[in-house]
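Here is my note on the model you sent. Please read it with the coordinates open.

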Amino acid sequence: MSTLLPHLVTESAARFASRPALVMDGRTLTYAELESLSNRFARSLAGHGVRSGDRVALWLPRSIESVVALYGVMKAGAAYVPVDPGAPPARLAYIARDCAVAGLVTVAERAAALDETFAAGAPMRAVWFAEEGPSAGAAPGGDAPRIDGMPNVTWAEVAAESDRAPELRALEGDLAYILYTSGSTGEPKGVMLSHRNALAFVEWAGDVFQVTAQDRLANHAPFHFDLSTFDLFAGARAGAAVYPLSPRIASFPAAVARQWCADRLTVWYATPSTLVLMLTRGGLSSLDLSALRVLLFAGEVFPVKYLRDLMRLAPSARYANLYGPTETNVCTWLDVAKPPEGDRPLPIGRACPYDDVLVLDESLKPVPAGAAGELWVRGATVMRGYWGRPERTALALQSIEIAPGVTDVAYRTGDLVRMQSDGNLEFLGRRDHQVKTRGYRVELGEIETVLHRHPGVDEAVVLAIPDDEVTHRLRAVVVTKAGVALDEAALRQHCADSLPRYMVPETIEFRRELPRTSSGKVDRRGLVQPHAILNTERRTDDDDGH
Amino acid sequence: MTATESAIREFLVSEVLYDREVKDLKPEDPLITRGLLDSLSILKTVTFCEERFGISIPDQEVLPDHFESVRAIAALVDRRRAGS
């Protein structure tokens, strides 16, 4: 039988039954317990009609139970669909309908915001409440939660199932999870990833960073962010202990830094934003980092001055810059052997052994050595496509000539790169309006679409203002319809009704009109420059095409 | 509600908590366990308190216990104003 992601737990449960698999908030779940509890959960899913090939949404704060649920979904042969726990119910509803989920895993407190219509049209079999303890199954108000029209399954019912392994009908090419990312047309799109996709990365990363059963891995990234696949699955593969970060401390860099050092975590994988905030605001320099063995980062550019500081604090650890969009997971990497000098951004390195990278021009021909071009990726981690969007998939995944006479499907990243003479790729920027903030990828067009949906908005542009600590901060510039008065808070709230928090503009500026280039396009560059804020009538020269 | 609590509450409701359900936020209502504050919200709140109340809040004081509720943030501010 083929190896699938949940088999990593099954195999570690056989080898390391009593070793800790998950440690969080003072609780420990051993590999034997994780194996048996996820079997029970898979049986509960199957018992309520979830079948191989189905999708099950997870919308709950991080917890030990949320990890059990994720494995249970895969053991039922289904794909898990992790939804940002901070996303509003409207976004959950959109995703649930978009990929037609057969079930939802949540907690009682969240269920209060939902009713049976939340996933209208999706073949919802049941909702599961993945929480233990005295508050299980009770909303803060005291009433038992209820989503009418379908069975509501409590954790006690899950625990009463048999823990015998369910029959798993899935193959490596079947979907393991779907990750929704920001879409430029205003709607998030579901990136479909198979067990094989995930395992290619997980096996390589586990080997190259030598993760063993003695390791203690931080899990900082939420499950809708693919950094979490390393923490969970490379950890499970090695029989290591994974430490999911408590939602209570996640927003406090000083608390996270203390916790990780106190727990003597050996492997950290996080976004540069997270690590920079731990360094600048978390008091990392006064803590004991002697347990840190491997520090990995991905998701955005790490400002080298901060990386240097970090490497001096823990000089014996190994550092690596991992790069890759959700559609390919990690596809290139750079071993950072010594603290980088100067201010030149760190390269994104070279291809991981399971993928190939190509730097192509507009006509899909390789650029001359050292010239800038767009990065395309082919190989084992490249996604299966976007759920339910064949036309978007066809634009992103194209059959191209990768070597004379050899064609294969490759993913178009939209990232502009240049190959340095040492073979490392240098990241130059984007060919569209996608930006990073706190490691999250955001299509500015998606936020603009939401702003335009407000009846009082005539025009709206969203700008990404570069920021040292979090890569970009988001600012919207809005022109209201004649005679309409809107306030900033109301418009932010309108955004928060359908967007995750990290996509809600921090500031919204109102103007009578937007500056235009001579070709009539909105002059984004002029808007980003600080002087343009003071001088709203100013027109800047057309810089299109340069 | 004290004056400090009221100023902090007003800031949170209008600038940080983009949520229709918090219009009636009470000083003792939980902020963290409901997931209302992300790391940028906390940075903004710290900056607001420092500027509004003329205090400085060291990074090591920016911890979950001190941001549990409007009341907890106000207590932190009042402690810093008293110079401890």
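Predicted model: local features only at pLDDT ≥ 70, side-chain atom pairs only at ≥ 80, totals over all residues.

1. Every value below is computed from it, and local features need pLDDT of at least 70.

2. Size of the chain contact. Chain B and chain A bury about 2500 Å² between them. Carbon and sulfur atoms account for 50% of that area. Chain B contributes 28 residues to the contact, and chain A contributes 27 residues.

3. Polar links across the contact. There are 5 salt bridges between chain B and chain A. Polar contact is found for 9 residue pairs across this interface, both partners being at pLDDT 80 or more. On the side of chain B that touches chain A, α1 (3–16) and α2 (39–53) of chain B each supply at least two residues. The largest share, 6 residues, comes from α2(B). By type, that side of chain B has 12 nonpolar, 6 polar and 10 charged residues.

4. D38(B). This residue is worth a look. D38(B) forms a salt bridge with R438(A), with the closest N and O atoms 3.3 Å apart. The pair joins two chains, because D38(B) lies in the loop between α1 and α2 of chain B and R438(A) in the loop between β23 (434–437) and β24 (440–443) of chain A. Both D38(B) and R438(A) are buried. D38(B) also meets R501(A) in a salt bridge, at 3.9 Å from N to O. The cut-off for a salt bridge is 4 Å.

5. Salt bridges overall. The whole structure holds 36 salt bridges over all chains. One of them pairs D207(A) with R237(A), at 3.1 Å between the closest N and O atoms. D207(A) is in helix α7 (residues 195–208) of chain A and R237(A) in helix α8 (residues 227–238) of chain A, so this pair ties together parts 30 residues apart in sequence. R237(A) is partly exposed, at 26% relative accessible area. Elsewhere, R27(A), E65(A) and E132(A) are linked in a salt-bridge network.

6. Helix α9(A) and what follows. Of the 10 residues in helix α9 (residues 253–262) of chain A, 7 are buried. Among them are W260(A) and C261(A). The buried residues pack against β10 (216–219), β12 (267–270) and α10 (272–281) of chain A. R264(A) follows α9(A) and has a positive phi, near 50°. R264(A) also forms a salt bridge with D288(A), the closest N and O atoms being 3.2 Å apart. R264(A) is in the loop between α9 and β12 of chain A and D288(A) in the loop between α10 and β13 (294–297) of chain A, so the pair ties together parts 24 residues apart in sequence. R264(A) is partly exposed at 34%, and D288(A) is partly exposed at 44%.

7. V304(A). This residue lies in helix α11 (residues 304–313) of chain A. V304(A) counts as buried because its relative accessibility is 6%. Beyond its neighbours within four places in sequence, V304(A) is in contact with residues including P340(A), G342(A) and L346(A). The C-alpha atoms of V304(A) and P340(A) are separated by 6.6 Å, although the two are 36 residues apart along the chain.

8. Cysteines. A disulfide needs the sulfur atoms within 2.5 Å. The whole structure has 0 disulfides over all chains. C331(A) is buried at 0% relative accessibility, and C352(A) is buried at 1%.

Terms used
Residues numbered from 1 in each chain as written. Chains lettered and ligands numbered in written order. Heavy atoms only, no water. Buried < 20%, exposed > 50% of the residue type's maximum accessible area, 1.4 Å probe, protein only. Contact = heavy atoms within 4.5 Å. Buried area = accessible area lost by both parts, 1.4 Å probe. Salt bridge = Lys/Arg side-chain N within 4 Å of Asp/Glu carboxyl O. Polar contact = N/O pair within 3.5 Å; in protein donor to acceptor, adjacent residues only side chain to side chain. Helix = DSSP H or I, 4+ residues; strand = E, 2+ residues; numbered from the N terminus. Nonpolar A, V, L, I, M, F, W, Y, C, P; charged D, E, K, R; others polar.
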